[in-house]
Amino acid sequence: MPAGRYSLWGADGSVVGTEDFRCAPGPMGWRYFSEIERHEPRTHRETVDVVVDRSWDLVRARIETGSHAILLEPVEGALAGLRDGQHVEVPWGPDTHLDYLSPAFNAITAQRLEATDEIEVVYLEPVTLVPVRMRQRYELLRREQVDTPAGRFLAVRWAYTALESGWASELWVADDVVVRYDRAFELISYESGATGPV
């Protein structure tokens with residue numbers, strides 16, 4: 001079971017928290033669980049728990065931020081569930097992706113994509129977990145060795161762009177773990193377990 005820690009970066013490039021995670025294949029597909037401590041917009045703790053099937057399609061996502069909580073599952077034509085105990089539903093299709101401020105969601109998207117693509121995304125706003133629709137672009141670059149504070153990995157390099165805002169970065173995914181994500185997350189410790197990248 002791969003496990004590790006990310007440092008989380010703010011917009012000004014400073015470290016604003018940490019994310020401790022573990023992930024592993026399971027009977028349904030793959031599961032990622034993390035506990036986050038973030039110091040913006042104020043100090044708070046978060047939990048991310050996401051499950052996908054063997055095709056990396058979403059089965060369930062649960063996120064708690066202290067002040068808000070959401071539980072979502074795909075149903076016929078929608079992503080539906082509860083936000084703060086109230087029913088929430090947004091349009092959802094087989095090519096739609098889910099995103100939040102955790103590298104778990106980038107890892108899932110990278111596993112689902114086979115080449116460069118522009119995708120429809122349900123993005124959960126930081127802390128409030130309000131779902132909004134947006135478009136993102138993932139450009140597949142190459143497979144290469146990448147150095148991180150947690151070690152060196154053979155990883156797939158992607159260029160990411162949020163199309164509405166223009167925010168862009170590059171990320172590297174080794175198997176099912178984002179090992180580097182410029183300007184957003186830095187992998188600072190890692191244990192591969194039996195199933196993770198070495």
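## Helix 1 and the largest cavity

Helix 1 gives the most to the lining of the largest cavity, contributing four residues. Please keep in mind that this is a predicted model, in which local features need pLDDT of at least 70 and side-chain atom pairs count only at pLDDT 80 or more, while totals for chains, interfaces and linings use all residues. Residues are numbered from 1 along each chain as its sequence is written, and side-chain values use heavy atoms, with hydrogens and water left out.

The structure holds one cavity of 30 Å³ or more, and about 80 Å³ of space lies in the largest cavity. A cavity here is a set of points, on a 1 Å grid over the protein atoms alone, where a 1.4 Å probe fits but cannot get out; a pocket is an open set with protein on both sides within 12 Å along at least five of seven lines, and lining residues have an atom within 4 Å of a point. Points are joined across faces, edges and corners, and the volume is the space filled by probe spheres set on them.

## What lines the cavity

The lining of the largest cavity consists of Val50, Val52, Trp56, Asp57, Leu58, Trp92, His97, Leu98, Phe105, Ile108, Thr109 and Arg112. Strand 4 (44-53), strand 9 (97-99) and helix 1 (103-112) are the elements that give two or more residues to this lining. These elements are DSSP runs numbered from the N terminus: helices are H or I with at least four residues, strands are E with at least two. By type, the lining of the largest cavity has eight nonpolar, two polar and two charged residues. Nonpolar covers Ala, Val, Leu, Ile, Met, Phe, Trp, Tyr, Cys and Pro; charged covers Asp, Glu, Lys and Arg; the others, Gly among them, are polar.

Helix 1 is mostly covered, with eight of its ten residues buried. (Buried means under 20% relative accessible area, exposed over 50%, and partly exposed in between, with a 1.4 Å probe and protein chains only.) The buried residues of helix 1 are Pro103, Ala104, Phe105, Asn106, Ala107, Ile108, Thr109 and Ala110. Histidine 97 belongs to strand 9 and counts as buried because its relative accessibility is 4%. Its side chain is joined to that of arginine 112 by a polar contact of 3.4 Å. Such a contact is a pair of N or O atoms within 3.5 Å; within protein, one must be able to donate a hydrogen and the other to accept it, and residues adjacent in sequence count only if both atoms are side-chain atoms.

## The largest pocket

Now to the open space: the largest pocket has a volume of about 640 Å³. Its lining holds 24 residues, of which Leu101, Tyr123, Trp167, Arg183 and Ala184 lie nearest the centre. Strand 1 (3-9), strand 11 (131-148) and strand 12 (151-162) are the elements that give two or more residues to the lining of this pocket. That lining divides into 15 nonpolar, five polar and four charged residues.

Leucine 101 sits in the loop between strand 9 and helix 1. With a relative accessible area of 27%, leucine 101 is partly exposed. Its backbone oxygen is reached by the side chain of arginine 38 at 3.4 Å, and arginine 38 itself is in strand 3 (residues 29-38).

## Salt bridges between strands

The structure holds 16 salt bridges, each a side-chain nitrogen of Lys or Arg within 4 Å of a carboxyl oxygen of Asp or Glu. In one of them, arginine 137 pairs with glutamate 118, their closest N and O atoms being 4.0 Å apart. This pair links distant parts of the chain, from strand 11 to strand 10 (residues 117-124), 19 residues apart. Arginine 137 counts as partly exposed at 29% relative accessibility, and so does glutamate 118 at 37%.

Another salt bridge pairs glutamate 120 with arginine 133 at 3.7 Å between the closest N and O atoms. Glutamate 120 lies in strand 10 and arginine 133 in strand 11, so this pair ties together parts that are 13 residues apart in sequence. Arginine 157 and glutamate 144 meet in a salt bridge of 3.3 Å, N to O. Arginine 157 is in strand 12 and glutamate 144 in strand 11, so these parts, 13 residues apart in sequence, are tied together too. Both arginine 157 and glutamate 144 are buried. Salt bridges that share partners join Glu118, Glu120, Arg133, Arg135 and Arg137 into one network.
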